[in-house]
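Good morning, and thank you for coming.

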Amino acid sequence: MEIDEQDLKWGLGFVVGKWKIDYLVNFWSDNLEHIPAAKFKSPDGKKYNGITFEFFEDHRLVMKDSATKKQVESTWEQTDRYKYHYALNGFFDLPDDDAKNAETLEVIDGCLAMPLGFITAGMKKTANGKITKKPDIGDLEPSADDLKMTEIVGKYKIVKAMAMVGDDFGMFTREEALADANKRKATGEIDDKEVWESVLCMFDSVIEFTADHQVKMFSPLPPYVSQKEIDEAVASGEITIVDGMIDSGDNYDWKAVNGAYYYDSRDETEIMGEKVSPWKKLEADSDGLINFELFAIKKM
């Protein structure tokens, strides 16, 4: 599974700090009881209640056993949304296969589960570690080189958009969305006006990135509205016409920072109680399409 920037940010905050083995589960037991580490009795006499793992922001890991005074240093990395890998480096005396398995930690019920042969150890966090807070994109000022980045300026057409086609809701082209709308029109489910409003208006809209760092959206004039109605709407200030299209007035901000383009989506979302930056990266895929809001757009 591919992990994204938000997964890594969450994973860093979750794991960095000190962890201690809290309980163990014997897979040969009848009820898979969670036995407190202080009460667990291993056949080989091994004690686990003094074992701690301390994860650091720079991906260092220090493993300690207070009973034996053993200390081993290692490194760690996040490999999945809820999995981590580290090098055991001989901290536990285990056969090769068991040692390899022990190097994968999985998040289960807020604990880090570690397989140790016929038992699994559950570690609980006892102290948070230090994490350097990175500045939000919105707080960063463009450098002189960033201010020279104007390649994104221009008008863009909508190549794909989020739409309902059949029973599927996803990114579809104009042709795909229009074909489905025409099918529904043929059955009497929708009429010409609804075809225009649900498909044609969206795909005939234009998105413009301006030199003054604004993102403007323009939609076509409805074909079923008279010129008189349009003139009255303009006169009353209800709509603004620019180059024969309606200016939505719902502008976004964009800027270049550290050599990359971003726009302020104004989204207010949180992950695990932490606010997610509303600034989204703008970058072209292999087909030259840029994801912007619910669209995939390309320069005209």
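Predicted model: local features only at pLDDT ≥ 70, side-chain atom pairs only at ≥ 80, totals over all residues.

Residues are numbered from 1 along each chain as its sequence is written, and side-chain values use heavy atoms, with hydrogens and water left out.

Let us begin with strand β8, residues 111-116. Strands here are DSSP runs of E with at least two residues, numbered from the N terminus, and helices are runs of H or I with at least four. Five of the six residues of β8 are buried, where buried means under 20% relative accessible area, exposed means over 50%, and partly exposed lies in between, with a 1.4 Å probe and protein chains only.

Which strands are joined to β8? On one side of our account is β7, residues 104-108, which runs antiparallel to β8 and is joined to it by three bridges. Two strands pair if DSSP finds at least two bridges between them. Ile-108 has Cys-111 in β8 as its bridge partner. β7 and β8 form a hairpin with two residues between them, and Asp-109 in the turn has a positive phi of about 55 degrees.

Strand β9, residues 119-128, is also antiparallel to β8, with five bridges joining the two. Here Pro-115 is partnered with Thr-120 in β9. In this hairpin, again with two residues between the strands, Gly-117 takes a positive phi near 70 degrees.

I turn now to the salt bridges. How many does the structure hold? There are nine, each being a side-chain nitrogen of Lys or Arg within 4 Å of a carboxyl oxygen of Asp or Glu. One of them joins Asp-22 and Lys-124, whose closest N and O atoms are 3.7 Å apart. Asp-22 lies in strand β1 and Lys-124 in strand β9, so this pair ties together parts that are 102 residues apart in sequence. Asp-22 is partly exposed, at 32% relative accessibility, and so is Lys-124, at 41%.

Another salt bridge is formed by Arg-266 and Asp-250, at 2.7 Å from N to O. Both residues sit in loops: Arg-266 between β17 and β18, and Asp-250 between β15 and β16.

Finally, Glu-189, Asp-191, Glu-194 and Glu-197 gather in a surface patch of negative charge. Such a patch is made of residues with over 30% relative accessible area and no salt bridge, like charges being joined within 9 Å. Glu-197 belongs to helix α5, residues 192-203.

How values were computed:
Patch = residues over 30% accessible without salt bridge, like charges linked within 9 Å, V, L, I, M, F, W, Y side chains within 5 Å. Areas by Shrake-Rupley, 256 points an atom, 1.4 Å probe, with all protein chains shown as cover. Lys, Arg positive; Asp, Glu negative; His and termini not counted. Charge placed at Lys NZ, Arg CZ, Asp CG, Glu CD.
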